[in-house]
Amino acid sequence: MNIRILNSREDLNATAAAVIASLLLNKPQAMLGLATGSTPIGIYRQLVEMYRKGQVSFARAYSVNLDEYVGLPPEHPQSYRSFMNEHLFQHIDIPLAHTRVPDGNAADLAAECAAHEQAILDHGPVDVQLLGIGHNGHIGFNEPGQGLKGATHVVDLEEGTRAANARFFGNIADVPKQAVTMGVGTILKAKQIILVAFGADKADIVKQAFTGPVTTECPASLLQCHPNVLILLDQEAGGWLI
Ligand code: F6R
């Protein structure tokens, strides 16, 4: 694992965006594994800026997202499809048909999970997977516990995860109780993984995930088994390393 501590969030966003942009320069048809939440917003802002300056094109790229809430239609303002359109897709030249966010509103969720895996097989493997980390060590929505699954599946969200995400909904009662998520096996098949974390509140879980034992009780710790992981931290999240 390559762990880097950056001086500022701007540096962190620029570093992650530069890895993605240089991948696209070398492989315009690359498949990007994308995340939602607070963490990647600045990275997407940086990529949009690079696109506007003509420094990167997504015209031939494919993307696949980690997860989506169950029960939210794609046009719901808090769906991850809406998030991706708003923060990235509508500002760049990626064809929407090349982007895939799981459909959490599908009538047959098992078939939707299989279709997500198939899309990765069709256009992948994922060349670079962007990840944030939950306070409980989740990646995607793979919550801690012995029942970790490999492939894309439906998961029950922990109350802590719902509480953390209530800030986007205004009210915890409105936060869905389930999500579709890539499994840890799917995530580990990416050629490269970039995990980004900032803020003091992520310091303990980052330390546990990358210096503690590999255990399903901290799903991010399984990244220790991957041969090409870049961990980008700001001073607050990575201060324990200095
Ligand atoms: C989002 C996702 C989650 C988040 C994690 C951190 O697609 O899969 O694992 O990366 O919950 O969320 P933030 O970035 O909001 O702290």
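1. The backbone oxygen of His76 is placed 2.6 Å from a polar atom of the Ser82 side chain. A polar contact is taken as a pair of N or O atoms within 3.5 Å; within protein, one must be able to donate a hydrogen and the other to accept it, and residues adjacent in sequence count only if both atoms are side-chain atoms. Ser82 belongs to helix α3, and at a relative accessible area of 15% Ser82 is buried. Burial here is under 20% relative accessible area, exposure is over 50%, and partly exposed lies in between (1.4 Å probe, protein chains only). Residues up to four places away in sequence aside, Ser82 touches Pro74, Glu75, His76 and Pro77; contact is heavy atoms within 4.5 Å.

2. On the basis of the values: this is a predicted model, in which local features need pLDDT of at least 70 and side-chain atom pairs count only at pLDDT 80 or more, while totals for chains, interfaces and linings use all residues. Residues are numbered from 1 along each chain as its sequence is written, and side-chain values use heavy atoms, with hydrogens and water left out.

3. Seen by strand order, the open sheet of 7 strands reads β1-β10-β9-β6-β2-β3-β5, with parallel pairing. Its edge strands, β1 (2-6) and β5 (99-100), each pair on one side only. Helices (H or I, at least four residues) and strands (E, at least two) are DSSP runs, numbered from the N terminus; two strands pair if DSSP finds at least two bridges between them.

4. Within this sheet, β6 and β9 run parallel and are paired over 4 bridges, with Leu195 in β9 as the bridge partner of Leu131. On to β10, β9 is joined by 5 bridges, again in parallel; there Ile193 is opposite Val229. The parallel strands β2 and β6 are joined by 2 bridges, and Gly33 faces Gln129 of β6.

5. Strand β9 is mostly covered, with 6 of its 6 residues buried.

6. Helix α1 lies across β1, β2, β6, β9 and β10, and runs at about 155° to β10. Axes are lines fitted to C-alpha atoms, for helices over the stretch in contact, and angles run from 0 to 180 degrees between N-to-C directions.

7. The largest nonpolar core has 44 residues, and Leu47, Phe58 and Leu88 touch the most other members. Such a core is a set of buried Ala, Val, Leu, Ile, Met, Phe, Trp, Tyr and Cys residues joined through side-chain atoms within 4.5 Å. At least two residues each come from α1 (9-26), β2 (31-34), α2 (41-52), α3 (80-87), β6 (128-131), α5 (159-169), β9 (192-197) and β10 (229-234). The most is given by α1, with 8 residues. Neighbours within four places in sequence aside, Leu47 is in contact with Ala17, Ile20, Val56, Phe58 and Leu88. Apart from this core lies another, of 27 residues, including Tyr62, Val126, Ile205 and Leu223.

8. The loop between α4 (109-123) and β6 holds Asp127. Is Asp127 buried or exposed? Asp127 counts as buried because its relative accessibility is 7%. The side chains of Asp127 and Lys191 are joined by a polar contact of 3.4 Å. Not counting residues up to four places away in sequence, Asp127 touches Leu23, Lys27, Ala30, Met31, Lys191 and Gln192.

9. A second open sheet has 3 strands in the order β4-β8-β7, with antiparallel pairing. β4 (67-69) and β7 (153-156) are at the edges with a single partner strand each, so one side of each has no neighbour in the sheet. On average, neighbouring strands of this sheet are turned by 30° against each other, direction ignored. The antiparallel pairing of β4 with β8 (residues 178-181) covers 3 bridges, and Asp67 is opposite Thr181 in β8.

10. The structure holds 0 disulfides, a disulfide being a pair of cysteine sulfur atoms within 2.5 Å. Cys225 is exposed, at a relative accessible area of 55%, whereas Cys113 is buried, at 5%.
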